[in-house]
Amino acid sequence: MIYFPEEVVEHIFSFLPSHSDRNTVSLVCKVWYEIERLSRRAVFVGNCYAVRPERVVRRFPKLCVLTVKGKPHFADFNLVPPDWGGYAAPWIEAAARGCVGLEELRMKRMVVSDESLELLARSFPRFKALVLISCEGFSTEGLADIASHCKLLRELDLQENDVEDRGPRWLSCFPDSCTSLVSLNFACIKGEVDSASLERLVAKSPNLRSLRLNRAVTVDTLSKILMRTPNLEDLGTGNFTNEFQTESYLRLTNALEKCKMLKSLSGFWDASPVCVPFIYPLCHQLTGLNLSYTPTLDYSDLTRMISRCVKLQRLWVLDCISDKGLQVVASSCKDLQELRVFPSDFYVAGYSAVTEEGLVAISSGCPKLSSLLYFCHQMTNDALITIAKNCPNFIRFRLCILEPRKPDAMTNQPLDEGFGAIVRECKGLRRLSISGLLTDKVFMYIGKYAKHLEMLSIAFAGDSDDGMMHVLNGCKNLRKLEIRDSPFGDGALLGNVAKYETMRSLWMSSCNVTLKGCEILASKMPMLNVEIMNELDGSSEMEENPGDFSKVEKLYVYRTTAGTRGDAPNFVKIL
Amino acid sequence: MAECKGGGDRSPSSSMDSSTHPVLSTTSSGCRPARRDLSIDLHLGLSLSSASSLLAPDSKSIPSKPRNQVPLDWPPIKPFLKRTLTASARRRRTLFVKVYMEGVPIGRKLDLLLLDGYDSLLAKLCHMFKTSITYADVMEYHRRVPHEKAAYVLTYEDQDGDWMMVGDVPWEYVSSLPDKREETEDCKNG
């Protein structure tokens with residue numbers, strides 16, 4: 001065998017694009033493991049409890065980019081009780097001790113404290129980018145520390161976090177020497193913002209390409225800012241209420257016209273229909289548009305705007321757009337790749353202006369569609385079959401019919417055939433969320449055809465353990481399985497236990513698994529953490545009656561090298 | 001109407017003057033609270049003769065209750081979006097109307113402000129009730145489509161208690177009115 005010098009091997013590894021490729025080469029032999037780990041710049045930890053932070057830091061001393069995810073996905077919908085866990089502190093502390101070269105930290109669904117943010121700000125002299133998505137536990141004071149001490153900060157991206165508002169001071173904490181800002185997103189900050197500080201910050205950031213403001217920023221401030229950012233590519237506006245002066249809006253149009261690079265728009269808080277025409281000059285160059293925070297625009301306002309957005313690739317909108325509006329989208333936006341339609345009225349018996357017809361229209365007009373999230377009140381098998389034929393390129397297909405277990409609106413049949421068509425035609429499907437009336441048959445189709453499926457979300461579906469077994473046995477690439485309110489029990493849970501070691505996690509809530517079943521799983525698979533949460537009883541009752549056949553309310557199973565976690569609250573029992 | 005926001009090219013937001021439109025009377029509105037959900041009864045009727053029996057004198061509304069018991073953590077929308085929409089929803093004007101098909105006690109509901117005209121209303125109702133419905137000139141409809149089976153007719157009862165055919169009053173006035181009761185009748189003999 002010919003031996004390459006280490007530098008050559010390292011150089012070859014630098015061409016490997018993905019984490020999984022680098023993980024694979026590290027398994028080849030000890031030499032390669034060493035070369036790989038010492039040259040690794042970016043690490044992705046999909047479950048913060050799968051591995052101890054110290055171990056990651058020790059293995060990859062040159063770590064520059066760290067991504068960590070905490071709570072399971074269903075935490076987004078209040079299914080995970082507060083104080084469950086997902087703390088950022090151990091990660092930031094470990095990195096502060098072992099990887100002072102850290103430049104970027106990305107965290108999702110984690111609990112981050114102000115103390116951790118302060119530690120972060122002070123520990124990494126080359127720190128450039130902080131991205132927090134759906135996190136909580138910190139306040140604007142923590143942001144003040146980041147702003148004050150991260151002198152090379154390029155990116156501060158706060159997406160949908162729950163941030164405690166302690167005043168607008170943080171925005172004025174950026175020192176005059178900090179001129180490197182490229183991306184700033186504070187749309188989720190609830191409180192007031194000091195306009196003068198914001199204008200000053202923008203004025204000294206010539207590299208700013210992405211700016212997302214919060215609801216407190218007025219049109220006046222926005223137009224002043226935009227005069228300074230002609231190279232802006234992504235803008236999240238402030239509020240657009242109808243309490244405006246026409247002059248402000250004219251200034252806004254002038255400013256927007258200068259932004260020739262602007263491709264993506266979002267925000268539009270409280271936008272009144274009157275302000276929509278002021279955006280028209282931009283529409284032809286937009287590739288991304290998020291109008292999901294604007295229930296005050298109706299279908300005619302929306303379609304007048306969107307029909308001009310001929311280059312649109314990504315559209316997020318409310319169902320006020322209606323089927324008719326979606327037809328306009330279908331005929332205007334031929335490059336559409338991602339569509340999300342959110343419900344403006346979330347009550348089950350409420351009203352939605354979108355039905356299966358809107359989605360069929362989109363599928364026939366936009367063949368490049370690959371990512372979908374669609375909330376509606378009704379669907380039919382025929383529609384899904386048509387959609388599958390029109391758009392075989394789906395990578396993400398998430399359909400949420402608002403009423404649980406609702407059958408085909410025309411035939412009253414289950415929607416098994418419709419979703420079956422989706423998994424059969426869309427051979428590259430990686431993510432799927434199903435809803436409506438569904439029997440075990442749909443899972444048979446999923447297990448048989450969805451060979452690239454990585455994430456599956458199930459709610460109110462299936463008849464028996466067979467359903468879940470089809471998925472566990474058939475979906476070779478399954479990484480995350482989350483199930484709620486479905487009749488799967490111990491038989492399914494224990495039917496293919498080895499499968500869980502090939503997956504990141506399994507979530508089951510309001511299903512039929514029992515404490516006994518979970519205990520058996522835990523004893524058979526020591527490399528898994530089996531967490532059960534019974535909030536109503538508390539943990540004491542479970543300890544008194546071991547082997548009880550009582551149903552487990554919430555179950556979270558994940559593979560781990562870290563053993564039992566020490567930070568679990570009372571209501572979480574790890575078997 | 002006081003809570004109408006964003007005038008622009010929309011119909012004027014001032015309250016309707018009943019003298020110019022005698023058939024449709026408004027309740028004296030004054031200043032309405034900002035988040036009224038305006039409810040109206042629309043009845044899809046069956047026979048011409050028993051018009052009086054179609055009147056539902058008690059406009060007791062069937063409460064909008066979910067058909068199944070649905071948990072509070074449904075539908076799967078992120079809290080940030082839910083909060084934003086809940087806050088804004090209070091400001092959005094709605095004009096919910098109950099529509100009953102005669103003989104069927106459980107009705108449907110729809111927001112007239114999400115539609116842009118009588119055609120949309122008709123299309124929506126046809127889709128909802130899976131039947132052909134007509135308005136305006138019934139005779140003309142049957143002349144045009146002679147072999148079509150008897151359609152349901154959309155009518156309404158106004159404040160004066162008169163039964164009127166839907167479609168004569170311009171849509172803009174309809175969508176700014178607070179209180180109108182509608183009903184339909186069947187046109188059996190064309």
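Q: Helices here are DSSP runs (H or I) of at least four residues, strands are E runs of at least two, and both are numbered from the N terminus. With that in hand, in which loop does Phe460(A) lie?
A: This is a predicted model, so keep that in mind as we go. Strand E18 of chain A covers residues 455–459, and helix H18 covers 465–474. Phe460(A) lies in the loop between strand E18 and helix H18.

Q: Is Phe460(A) buried or exposed?
A: Buried means under 20% relative accessible area. Phe460(A) comes in at 7%, so Phe460(A) counts as buried.

Q: What is phi of Phe460(A) near?
A: Phe460(A) is a residue other than glycine, yet its phi is positive. The value is near 55 degrees.

Q: Asp83(A) also has a positive phi; is this residue buried or exposed?
A: Asp83(A) isn't a glycine either, and its phi is about 65 degrees. You'll find Asp83(A) in the loop between strand E2 (65–69) and helix H5 (89–98) of chain A. Exposed means over 50% relative accessible area. Asp83(A) has 56% relative accessibility, so it counts as exposed.

Q: How many disulfides are there over all chains?
A: To count, a pair of cysteine sulfur atoms has to be within 2.5 Å. Take Cys259(A): the nearest cysteine sulfur, that of Cys283(A), is 14 Å away. For Cys511(A), the nearest is that of Cys518(A), at 11 Å. Over all chains, the count comes to 0.

Q: What is the relative accessible area of Cys259(A)?
A: Cys259(A) is in no disulfide. This cysteine is buried, and its relative accessible area is 1%.

Q: And what is the relative accessibility of Cys511(A)?
A: Cys511(A) is in no disulfide. Cys511(A) counts as buried too, with a relative accessibility of 5%.

Q: Which side chain of opposite charge is nearest to Glu356(A)?
A: Glu356(A) is found in helix H14 (residues 356–365) of chain A. It's buried yet has no salt bridge. A salt bridge would need a side-chain nitrogen of Lys or Arg within 4 Å of a carboxyl oxygen. At 7.5 Å away, the nearest side chain of opposite charge is Lys130(B).

Q: Which residue of chain B is Glu356(A) in contact with, leaving aside neighbours within four places in sequence?
A: The contacts of Glu356(A) include Gln378(A), Met379(A), Thr380(A), Ala383(A) and Met410(A). The list also takes in a residue of chain B, His127(B).

Q: Which residue does a cis peptide bond join to Trp74(B)?
A: Omega of this bond is about 0 degrees.

Methods:
Residues are numbered from 1 along each chain as its sequence is written. Chains are lettered from A and ligands numbered from 1 in the order in which they are written. This is a predicted model: local features need pLDDT of at least 70, side-chain atom pairs count only at pLDDT 80 or more; totals for chains, interfaces and linings use all residues. Side-chain values use heavy atoms; hydrogens and water are left out. Buried means under 20% relative accessible area, exposed over 50%, partly exposed in between (1.4 Å probe, protein chains only). Lys and Arg count as positive and Asp and Glu as negative; His and the chain ends are not counted. Contact means heavy atoms within 4.5 Å.
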